[in-house]
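Take a walk through this fold, from its overall contacts down to single residues. Keep the 3D view open as you read.

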Amino acid sequence: MGCGTSSVTDTRSEQVLKAALVIQNWYRGYSTRLKARQRYALNIFQSIEYADEQGQLQLSNFFSFMLENYAHIHEKDPEIVARLFGSTLQDYKDRQDYVAFVDVPNSYNGPRLQFPLTFTDIDLLVDAFKQQQILHARYVLEVLFETKKVLKQMPNFTHVKTSPSKEITICGDLHGKLDDLLLIFYKNGLPSGSNSYIFNGDFVDRGRNSIEILMILFVSFLVYPNDLHLNRGNHEDFMMNLRYGFTKEILCKYKIHGKQILQILEDVYTWLPIGTIIDNEILVIHGGISESTDLNLLHRVERHKMKSVLMPPTPLDGDPDTSVKKKKFNATIVPQEVKTSASHSEQLTKHEWEQVIDILWSDPRGKRGCYPNTSRGGGCYFGPDITSKVLNRYQLKMLIRSHECKPEGYEICHDGKVITIFSASNYYEEGSNRGAYIKLSSGMAPRFFQYQVTRATCLRPLYQRVNAIESSAIRILRERIIARKTDLIHAFQLQDRSKSGKLSMSQWAFSMENTLGLNLPWRSLSSRLVTTDTNGDINYMSSFQDIHIQKPVKEAQSTLIETLYRYRSDLQIIFNVIDSDHSGLISVEEFRSMWKLFNSHYNIHIDDFQIDELAERMDLNKDGSIDFNEFLKAFHVVHKLDKLNKSGSGLA
């Protein structure tokens, strides 16, 4: 009997083991499919983000074109020229012109700062912002002026020292996500003389609390100028702020004094250091490098002349640096003080501007060499050979940079010589990525700390998080598709020679990529975007099903509506630049003139009479002025299947 019982037990154990293996294999496959869907969703977010940045950089060419062709701009508004291409206007930058006339009423119950600032003011701000209080405009202006005064005394690259007993913490992009900064401070402690930080740019834009982050960082910097270090990112730029939300945030939170705050911020940005060097071994910059990166030149460039990365220098007669040949560079970095005296030019040379662009915008890639950053439209892609070459040239061991969202909050590449650190968790969507920061000290390997902000008491299951991320990604991709509907239909019809209304998968994917240029896995995404027949052919008009662009003017032609929707962000920036007093209004004549320039420069085929008619309809009260912000807001995509999207796509 004993033997029989043992045999039954062995059989059952074997069945249990087989069942466990089947379940394990199924779960592994299920998890792999979920992660693949998550990866595709992140690819969509990142591709569209970079395409937007590419469009933003292309605006720089338009502004140069505008300066050359807008005949009346000098006489009508010289401030536009000064803002885009010249120096900061000192006549309205005097501190007393701002602060002396801004009173803090007794009814104000927010944080009150005491100058000179101390560590108690940092605590005060952090606690107030946790309670969603707004810092009064007078204190904001005071902090900005004090910050500028200290920044002006600093070199382009801050040189810091660590020791085994004194670590330094490096944080990447925060992008207005205050909860991430507060979580970092909760886990790692507030800045102090014994707790040093480097914040590696992109403090602002996208998130809702950019001004709060700036105030905490600037106040901490003023209290601990030797222990908290700030690097400029590509979003510390007033032109980027116009597109990505910070300008709107300021004008919303500070309706009376927002304009003054923005003016001072433009100036403060230009004085932020462009990098940090730790222990003469580790280079910390926001973006990356190129094969021609010259750290000696970058140490002595007059950084405050870099008003915006979107404003390339206009050619100067006799400028020896407008065409610079590649040279051999010295093998050591020579720190030099920045010149602050007036020079013959109020802008950088073209070569200097390109050097700064590279360190703010470039990205590492696995491929060897240095080649144009076609995704972003600015900076370059640099391979492991370029990293080794530049680091060796200046006797450096490592490059720490930010600028790219990474699923785990950080990434190591180029044989451990390049680290990307990104500190804004949930950057694209809740659950899309972790945030991270680095702690390091002399002679020790970097240590990484990850986190993810969540307001839930427990994390949602993976499939729910993936469904939410994927639905959001598909939604914004559909909006991109409908904005190019006319172009896509034309591309589809060129492939559809039999006029059947159908294409093969490869033909559809080719047309999508050739028109949109997003470098996405269209075959894998097709099941979420189009319908197919039993033969696997795609009904290409289903690419536009259940979605359309709302027309603010019913009589407008579809081609015009698509064009205005596609370029609405660019147009909003252009009109905001013209609207130097932030009134939100421009004249009908200015609208016509600027659109015709835009039309010509971007080679858009829209008849002038359509624009004239549109301008007349936009002037609702017939007073000769257009509220362009409200008009452009009226262009939005209507999704008919929102309820179905929310229900998710089912299990993988």
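**From contacts to cores**

Among contacts in the protein between residues at least 6 apart in sequence, 76% join residues at least 24 apart. The model is predicted. The protein contains 24 helices and 21 strands. Of its 652 residues, 54% are buried.

Start with the sheet. Six strands form an open sheet with mixed pairing, in the order S1-S5-S6-S10-S12-S11. Strand S1 (157-160) and strand S11 (410-413) are the edge strands, and each pairs on one side only. On average, neighbouring strands of this sheet are turned by 20 degrees against each other, direction ignored.

Now look at one pairing in that sheet. S1 runs parallel to strand S5 (residues 275-278), and four bridges join the pair. His-159 has Ile-277 in S5 as its bridge partner. In general, strands of a sheet pair through backbone hydrogen bonds, either parallel or antiparallel.

Another parallel pair links strand S2 (residues 168-171) to S3, again over four bridges. Here Ile-168 stands opposite Ser-196 in S3. Is strand S3 (residues 196-199) covered on one side or on both faces? Both faces are covered. Ser-196 and Ile-198 lie on one side, Tyr-197 and Phe-199 on the other, and all four are buried. In a regular strand the side chains alternate between the two faces of the sheet.

Next, the helices. The axes of helix H16 (residues 485-495) and helix H17 (residues 505-516) come within 9 Å. They cross at roughly 140 degrees. The crossing of H16 past H17 is right-handed. On the H16 side, the contact uses Asp-487, Leu-488, Ala-491, Phe-492 and Gln-495. From H17 come Gln-507, Trp-508, Phe-510, Ser-511, Met-512 and Thr-515. The residues of this H16 and H17 contact divide into six nonpolar, four polar and one charged.

Finally, the cores. Nonpolar side chains tend to be buried together in soluble globular proteins. The largest nonpolar core in this model has 64 residues. Which residues have the most contacts inside it? They are Phe-62, Phe-63, Met-239, Ile-574, Phe-575 and Phe-598. Pick out Phe-575 from that list. Leaving aside its neighbours within four places in sequence, Phe-575 is in contact with Ile-586, Phe-591, Met-594 and Phe-628. A second core is separate and has 58 residues. Val-204, Ile-261, Ile-264 and Trp-271 are among them.

Conventions. Residues numbered from 1 in each chain as written. Predicted model: local features only at pLDDT ≥ 70, side-chain atom pairs only at ≥ 80, totals over all residues. Heavy atoms only, no water. Pairing = 2+ DSSP bridges. Helix = DSSP H or I, 4+ residues; strand = E, 2+ residues; numbered from the N terminus. Axes fitted to C-alpha atoms, helices over the stretch in contact; angles between N-to-C directions. Left-handed = near helix turned anticlockwise from the far one by under 90°. Contact = heavy atoms within 4.5 Å. Nonpolar A, V, L, I, M, F, W, Y, C, P; charged D, E, K, R; others polar. Core = buried A, V, L, I, M, F, W, Y, C linked by side-chain atoms within 4.5 Å. Buried < 20%, exposed > 50% of the residue type's maximum accessible area, 1.4 Å probe, protein only.
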